[in-house]
Amino acid sequence: MTDLIATACSILRQNDRGGYTVPTARLYPFQWNWDSAFVAMGFATFDAPRAWSEIRLLLRGQWDDGLIPHIVFHAPSDDYFPGPDVWHTRHRVPTSGIPQPPVLASAARFLVDHAPDPALADAEMAAIYPALLRNHLWWHSARDPHGTGLVATLHPWETGMDNSPAWDSAMARVPTDTSTVIRRRDTTHIAPEMRPRAEDYQRFIHLVDHYSAAGWDPARMFASAPFKVADIGTNAILLRAERDLLALAERFGTAAERHAMTTRIARQTAAIAAQWSEDHGIFLPRDLLTDTPIDAATSAGFLPLWAGCVTQAQSARLGATLDLWASQVQRLVPSFNPADPRFEPQRYWRGPVWHVVNWMIAEGFQTAGDMAHASRIRADTLANVTGSGFDEYFDPRNGAGLGGRDFSWTAAILLLQSLQVAGGS
Ligand code: DGY
């Protein structure tokens with residue numbers, strides 16, 4: 001374990017570009033939103049000031065309306081498509097124009113709770129609390145303007161799970177023509193069979209063109225979106241983040257803010273509960289344009305455990321669903337139901353295991369009192385890294401590493417798991 005911890009620390013150092021971290025060299029040469037939230041927690045296990053810097057630099061990309069974009073283009077690079085010239089946003093530091101799963105408030109709470117120097121943590125937290133609050137308010141006003149309790153996702157990249165089979169049917173309605181010339185760079189770094197297909201990219205870029213033409217205005221985007229889903233992962237992560245922000249608001253916020261958060265939490269909890277599928281034994285995403293559940297059991301369907309909003313009966317059933325998946329693959333948690341014909345064990349989010357998702361699901365099972373499933377998932381995470389290294393994702397059939405190498409968030413999760421081994425949490 002000591003060697004793994006040392007390697008994980010050195011990967012984070014090596015991917016440091018001066019106060020922020022790239023997910024991995026070349027393939028992802030900028031700062032990514034949810035990657036950085038996990039990276040900040042990873043740094044917090046050995047370098048608290050550097051952990052806060054990760055968050056501060058991400059917030060340099062925050063828009064005046066509260067959006068924290070999914071990419072902050074701190075420095076130019078030809079290694080990635082689509083760059084700032086495709087997004088056409090107008091922020092001071094160039095950014096994309098869409099969000100990513102909002103793990104940030106949960107990461108900030110983790111930094112406060114694990115602070116070796118509480119005075120430093122208090123000062124840093126007080127400085128960023130207003131930005132986190134504005135971001136949560138953005139989620140509710142921009143993505144749930146009618147107050148349903150579920151926020152909408154308007155681009156698969158916002159879910160972080162870009163080419164999940166969960167988006168196939170909704171994406172099939174999105175045209176493939178683009179006004180931007182597509183010059184993919186990812187498939188020059190990584191084998192094409194581990195990445196989204198050409199047709200996926202045509203639709204991804206069609207959506208970017210569409211929202212760019214809408215001037216990145218939240219109301220126009222929401223009203224005209226050709227793709228609009230309630231991602232169960234994003235909604236669960238936002239609910240958990242809201243609860244973490246509420247805990248922070250006890251010290252850094254006001255009574256009025258706490259009251260508003262409590263109201264939102266109740267609404268979100270009820271809305272997520274309604275996404276439970278007794279048939280599938282898991283929570284499902286929802287297509288908001290057809291107003292129907294999406295028939296796709298993904299690893300995101302376990303994330304309400306992370307949000308702490310499942311009943312005992314649901315938790316037991318989620319454990320049984322995971323057992324079913326475990327009978328078909330060697331390593332948990334595949335990103336998609338391995339019994340479904342759409343499962344592809346090596347293609348990005350259509351089957352491979354992702355350690356950040358594993359970590360949240362394991363924490364969730366532990367909170368629900370199910371230590372057996374929590375331990376099994378953590379053991380598989382460790383076995384993947386021990387057997388293969390700090391890859392971007394892993395083949396659930398055998399634990400083989402896939403995608404980019406020396407990956408920041410894979411390193412961060414190893415460091416977070418090492419805390420559990422050491423008896424903390
Ligand atoms: C990519 O480029 O693969 C990212 O997932 C989009 O943010």
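An oxygen atom of the ligand stands 2.8 Å from an N or O atom in the side chain of arginine 195, a polar contact in the sense of a pair of N or O atoms within 3.5 Å. The model is a predicted one, in which local features need pLDDT of at least 70 and side-chain atom pairs count only at pLDDT 80 or more, while totals for chains, interfaces and linings use all residues. Residues are numbered from 1 along each chain as its sequence is written, and side-chain values use heavy atoms, with hydrogens and water left out.

| Side chain | Distance from its N or O atom to a ligand oxygen atom |
|---|---|
| Tyrosine 28 | 3.4 Å |
| Arginine 195 | 2.8 Å |
| Tyrosine 348 | 3.0 Å |

Taken alone the ligand exposes 230 Å², and the protein buries 96% of that, with accessible areas taken from the Shrake-Rupley method with a 1.4 Å probe. Tyr28, Trp32, His70, Tyr80, Trp157, Asp162, Arg195, Tyr201 and Tyr348 surround the ligand, each having a heavy atom within 4 Å of it. This shell divides into six nonpolar residues, one polar and two charged, where Ala, Val, Leu, Ile, Met, Phe, Trp, Tyr, Cys and Pro count as nonpolar, Asp, Glu, Lys and Arg as charged, and the others, Gly among them, as polar.

A cavity is a set of points, on a 1 Å grid over the protein atoms alone, where a 1.4 Å probe fits but cannot get out, and lining residues have an atom within 4 Å of a point.

The largest pocket holds about 390 Å³ of space, a pocket being an open set with protein on both sides within 12 Å along at least five of seven lines. Its lining comprises 21 residues, of which Phe110, Arg240, Asp244, Trp306 and Glu363 are the closest to the centre, and the lining divides into eight nonpolar, seven polar and six charged residues. Two or more lining residues come from each of helix H5 (104–113), helix H12 (232–252), helix H14 (304–307), helix H16 (355–367) and helix H18 (408–421), where helices (H or I, at least four residues) and strands (E, at least two) are DSSP runs.

In the backbone, the peptide bond from phenylalanine 81 to proline 82 is cis, with omega near 0 degrees, and proline 82 lies in the loop between strand E2 (71–72) and helix H4 (84–87). The peptide bond from leucine 332 to valine 333 is also cis, and valine 333 is found in the loop between helix H15 (312–326) and H16.

Methods: Polar contact = N/O pair within 3.5 Å; in protein donor to acceptor, adjacent residues only side chain to side chain. Points joined across faces, edges and corners; volume = space filled by probe spheres on them.
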